[in-house]
Amino acid sequence: MLFLFSADTASIVRNVIDDVDYVLIFSDEFNMPNGSRPDTATWSCPPRSNAGWNRWVSDSSAVTFIKNGKLVCRAIPNKSLSADSARMLTGAVFTRHKFEFRYGKIEVRMKTNLRVGNFPAAWLRTWQTSEQPLYSEIDIMEVFGNRKISAHTAHSQLTMSRKKHGQRNTFNYSCDVTKWHVYGVIWTPENIVWTVDGVKVGEYRKSADPVLLAEGQWSFDYPLFIVLNQSVGMGGYDYFMPQTNKVYETLFDWVRVYQKK
């Protein structure tokens, strides 16, 4: 995930999104016994790789588990460096190969802690294949460090290589991320709209410019899967420097996906 910021929250349009045209097609309320792992029919642990969010991912029950009807994802110090060189162990789950959808509305109720280096997220993405050659990622919500700001971003094939193309694709929203909020995305063939507690906080639209489209400005016509994770930052900003001796924690109350009737 790229780190794109805008401080211009005053210009964000706030209007309530209407729910009446959508029906529920998927949900996980995480109502399982304490200590359970997330339902393996729906979720699995992403593979570890060299991206910021998954470089220290672990399938340990210490970093991903159910407690009091919530999915808990943690980042914890690694106390067994001789067995695993990762400086921390971080929790993440995704629905790849188990649930994907194209267009609709997704909402996630979640909260996180405020700590320097914090980097949790709820997001959608595709895995590039011959059938789905273009990269696409929709960040429902991310938090960067100890800032009371939620970030909402669309990464298309074009924006991954060229940030500026005449349209804003990242939106920041001032809110207390340590409190419960419902973060949402409404995704159609023409646009992506982000919401916080049902209020619109940003929009990214499909371009009418054939040149931009040919460069991959809109690569959001493929099915995407869900990712929920607690990671830590990689530096670059003081508030994003991980504290590898601390514990980070994000709680996910539920995830719900709707599509048009």
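Visitor: How many salt bridges does the structure hold, and how should I read one of them?

Guide: This is a predicted model, and the structure holds eleven salt bridges. The side chains of R48 and D84, for instance, meet at 2.9 Å, N to O.

Visitor: Are R48 and D84 buried, partly exposed or exposed?

Guide: A residue counts as partly exposed when its relative accessible area falls between the 20% limit for buried and the 50% limit for exposed. R48, at 38% relative accessibility, is therefore partly exposed, and D84, with a relative accessible area of 22%, is partly exposed as well.

Visitor: Which residue forms a salt bridge with K148, and which one with R162?

Guide: K148 pairs with D176, and their closest N and O atoms are 3.8 Å apart. Because K148 lies in the loop between strand 9 (137–142) and strand 10 (149–155) and D176 in the loop between strand 11 (170–174) and strand 12 (181–187), the pair ties together parts that are 28 residues apart in sequence. K148 itself is partly exposed, with a relative accessible area of 44%. R162 pairs with E215, with the closest N and O atoms 2.9 Å apart. That pair links distant parts of the chain, since R162 is in the loop between helix 1 (157–161) and strand 11 and E215 is in the loop between helix 2 (210–214) and strand 15 (224–232), 53 residues apart. Both partners are partly exposed, R162 having a relative accessible area of 31% and E215 one of 37%. Salt bridges can also share partners, as in the network that links K70, R109 and D253.

Visitor: How many aromatic pairs does a search of the whole structure find, and how do I read the geometry of one?

Guide: The search finds 17 aromatic pairs. For each pair, consider both the distance between ring centres and the angle between ring planes. The rings of F30 and W43 have centres 6.1 Å apart and planes at 35 degrees, so this pair is tilted. F30 and W43 both lie in the loop between strand 1 (22–28) and strand 2 (64–67), yet they are 13 residues apart, and the pair links distant parts of the chain. F30 counts as buried at 1% relative accessibility, and W43 counts as buried at 3%. In W218 and F220, by contrast, the centres are 5.0 Å apart and the planes stand at 75 degrees, so the pair is edge-to-face; both of these residues are buried. Rings may also gather in a cluster, and one aromatic cluster is formed by F26, F99, F101, Y103 and W187.

Visitor: Which arginines lie over the face of an aromatic ring?

Guide: Here the distance to consider runs from the charged group to the ring centre. R115 lies over the face of Y248, at 5.7 Å from the ring centre, and R256 lies over the face of W254, at 3.7 Å.

Visitor: What does the radius of gyration say about the protein chain?

Guide: The value is read against a rule for globules. With 261 residues, a compact globule would have a radius of gyration near 18 Å, and the chain's 18 Å agrees with this. The chain has two helices and 16 strands, and 54% of its residues count as buried.

Visitor: Where does pLDDT stay under 50?

Guide: Where pLDDT is low, the predicted coordinates should not be read in detail. Residues 1–16 stay under 50, whereas the mean for the chain is 92, with 93% of residues reaching 70 or more.

Key: Residues are numbered from 1 along each chain as its sequence is written. This is a predicted model: local features need pLDDT of at least 70, side-chain atom pairs count only at pLDDT 80 or more; totals for chains, interfaces and linings use all residues. Side-chain values use heavy atoms; hydrogens and water are left out. pLDDT is the predictor's confidence in each residue, from 0 to 100. Contact means heavy atoms within 4.5 Å. Rings of Phe, Tyr and Trp (its six-membered ring) pair if their centres lie within 6.5 Å; planes under 30 degrees apart count as stacked, over 60 as edge-to-face and the rest as tilted. Helices (H or I, at least four residues) and strands (E, at least two) are DSSP runs, numbered from the N terminus. Buried means under 20% relative accessible area, exposed over 50%, partly exposed in between (1.4 Å probe, protein chains only). A charge sits over a ring if NZ of Lys or CZ of Arg is within 6 Å of the ring centre and within 35 degrees of the ring normal. A salt bridge is a side-chain nitrogen of Lys or Arg within 4 Å of a carboxyl oxygen of Asp or Glu. The radius of gyration is taken over C-alpha atoms; the globule rule is 2.2 Å times the number of residues to the power 0.38.
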